[in-house]
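Work through the exercises below with the sequence and the 3D structure at hand. Each task is followed by a solution in steps.

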Amino acid sequence: MNVIVCMKQVPDTETLIKIKPDGSGIVTDDIKYVINPYCEFAVEESLRIKEKHGGQSILITMGSQKAVESLRTGLAMGSDRSIHLNDPAFEGADGFATAKALAEAIKKEPYDLILCGKQAVDDDMAQVGPALAELLGLPHVTLITKLEISADKKKAKVEREIEGGKEVIEVNLPAVFTCQKGLNEPRYASLPGIMKAKKKEVKAINLAALGLPADQVGAAGAKTKINKYLPPPSRPPGKIVSGEILEAAQKLVKLLREEAKVI
Amino acid sequence: MAKGIWVFAEVKEGNVRKITFELLSQGKKMAEKLGEELVAVLLGSGVEGLTGRLAEYADKVYWADDPALSQYTTDAYATVLTNLLKEHQPSIFLCGATIMGKDLSPRVATRLQTGLSTDCTALSINESGLLVAKRPVYAGKAYIEVVCPTARPQMASVRPNVLEMLPADGAKKGEVVKVDAKIEAAGLRTAVVEVVKGAGAKVDLTEANIIISGGRGMKGPENFKVLEELAAVLNATVGASRAAVDSGWREHGDQVGQTGKVVTPNLYIACGISGAIQHLAGMGSSKVIVAINKDPDAPIFQKADYGIVADLFKVVPVLTEEFKKLLSEN
């Protein structure tokens, strides 16, 4: 059972985001990068499948040289090897162009299942999983919180979160699943794991090695274009409602009814 | 040339969801500006009765009826939709940034080889006639404006509760056209074998009008009862901070924040939540924010429109009583 895990390196969720004065992007100095939290659930699930059913956990990411740190972290958690799509031509990709490049690289690998995070917490687009499935001709299930592989390893039964409940879905493998909080608790890399990870493969793939035309990857292959970055809408300063408990509560109820008009 | 603004009519438990009418209301303004028609597309089984209200907004309603569409599956819905979109080539396609819309739209966009902006909070048409989609990134710590310059349709999913919903035009009667679903069973690769209803609130956090959230200050799962009581009075949904979820006090689905749900209610009441940056990102675009916390220095007060510095266990029950009084008066 070979599981491919698509990963993305993103700014730590603690990061304060500052926008460049010309609105062309965010200020990336001093940002601490981590594995996208939802991708961690995917890595962990691949390791649990490997432990139960055998096979390999193979990580793949697209990003700059820095992204190797995240691959090493995943390898230290226990993944077997990794693929790094790294070329200036891949920069500026949107969900479509990212999925296109990942699909091209994954086609060359043996796999039974592909796991992604439900979304990356930087651009929050939540597109790559389903887009990748479409490009590879596979079914997908988004937002999974439970995954069971059948004894013959040909089928999966998954649970996914829906509004006000959950769905149980059966699907033949291979398939693409996007992972959500609740699926598992990702492990920490152990010290021996970190040592072993140093020797595990990080296979670099540039544009030539990938074999796609330059106009199908990165900004050139993107279907969407970001016009500009903007700060969030500012909020007017708030007020502290003072007084004894009863008085404050009464004041607040009145303010919500008469001033804010939300009750 | 691609023409027409299409809106996906999402059906939940036999009704068209509110987000659909929000999209149709916005779509109408944009259709007028572009001089194009507004189209609703409705998929389901036994849904003919839902076409009438859609036709009070849209110039045309396409609807497909098939037993395979009674329950949402990606393959069935994507097949019917992409066939229709290929045939009619609209310039814009909109759906709700709901669980269904967010599952369906990237599949459809990729099959049509076009661009998609997800989770948008505002839509407009620029001077070149392009759809400009405004959407949060980094869970709302910044926003981007996205266009889809050449591929068609320009696709966007929009969050519930952010667009203004206009009343229906009772005099309007859009054309209602039934289309053939043309679904082949072999193309349906996923099967929903069970749907389990949650014990939780009837309104999901992402579409709740009012949310009452509890954090570390709740001190234990049993204490969420005081929030549930307030929620019952206000017809609100109860949420939680990551601290509360990671402590096992609430379900994962209740978490508000950067690694939980990003919410946009009219009123968000944060109880015993200090306001970690990830939480503030997830609820910062709520229309009105109330914070109740013992610690006057808690960062949540920086985001709040109204704050009460006091013990939530003393304040919330009194608030519940006061709201009860207020709401029983009218």
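A residue is buried if 20 or more other C-beta atoms lie within 10 Å of its own, exposed if 12 or fewer, and partly exposed in between. The model is predicted.

**Exercise 1. Chain A as a whole**

Describe chain A by its secondary structure, its extent and its share of buried residues.

Solution. 
1. Start with the elements: chain A contains eight helices and 13 strands.
2. Next, take the extent. The C-alpha trace of chain A spans about 65 × 45 × 40 Å along its principal axes.
3. Then apply the burial cut-off. Of the 263 residues in chain A, 49% are buried.
4. Last, look at the contacts in chain A between residues at least 6 apart in sequence: 71% of them join residues at least 24 apart.

**Exercise 2. Helix 2 of chain A**

Work out why helix 2 of chain A is described as largely enclosed by the rest of the structure.

Solution. 
1. Helix 2 of chain A covers residues 68-77 and has ten residues.
2. Its buried residues are A:S70, A:L71, A:T73, A:G74, A:L75, A:A76 and A:M77.
3. Because seven of the ten residues are buried, helix 2 of chain A is largely enclosed by the rest of the structure.
4. Look also at what follows: just after helix 2 of chain A, A:G78 has a positive phi of about 140°.

**Exercise 3. Domains**

State how far apart the domain centres lie in chain A and in chain B.

Solution. 
1. In chain A the assignment gives domain 1 (3-221) and domain 2 (233-263). Taken over C-alpha atoms, the centres of these domains of chain A are separated by 44 Å.
2. In chain B the assignment gives domain 1 (5-187) and domain 2 (205-329). The C-alpha centres of these domains of chain B are 32 Å apart.
3. The contact between the two domains of chain B takes nine residues from domain 1 and ten residues from domain 2.
4. On the side of domain 1 of chain B that touches domain 2 of chain B, four residues are nonpolar, three polar and two charged.

**Exercise 4. A helix pair within chain B**

Solution. 
1. Two packed helices are described by the angle between their axes and the distance between the axes.
2. The axes of helix 3 (residues 74-88) and helix 4 (residues 99-111) of chain B cross at roughly 45° and come within 10 Å.
3. The crossing of helix 3 and helix 4 of chain B is right-handed.
4. Helix 3 of chain B contributes B:T74, B:Y77, B:A78, B:L81 and B:T82, which meet B:D103, B:L104, B:R107, B:V108 and B:R111 of helix 4 of chain B.
5. By class, this contact has five nonpolar, two polar and three charged residues.

**Exercise 5. Between the chains**

Describe how helix 8 of chain A packs against helix 9 of chain B.

Solution. 
1. Helix 8 (residues 245-259) of chain A and helix 9 (residues 312-329) of chain B have axes 9 Å apart, at an angle of about 50°.
2. That angle makes helix 8 of chain A oblique to helix 9 of chain B.
3. The crossing of these two helices is right-handed.
4. Residues in the contact include A:I245, A:L246 and A:A249 of helix 8 of chain A and B:K314, B:V315 and B:V318 of helix 9 of chain B.
5. The contact of the two helices has ten nonpolar, one polar and three charged residues.

Technical notes. Residues numbered from 1 in each chain as written. Chains lettered and ligands numbered in written order. Predicted model: local features only at pLDDT ≥ 70, side-chain atom pairs only at ≥ 80, totals over all residues. Helix = DSSP H or I, 4+ residues; strand = E, 2+ residues; numbered from the N terminus. Axes fitted to C-alpha atoms, helices over the stretch in contact; angles between N-to-C directions. Parallel < 35°, antiparallel > 145°, perpendicular 65-115°, else oblique. Left-handed = near helix turned anticlockwise from the far one by under 90°. Contact = placed C-beta atoms within 7 Å. Nonpolar A, V, L, I, M, F, W, Y, C, P; charged D, E, K, R; others polar. Domains from an automatic or database assignment.
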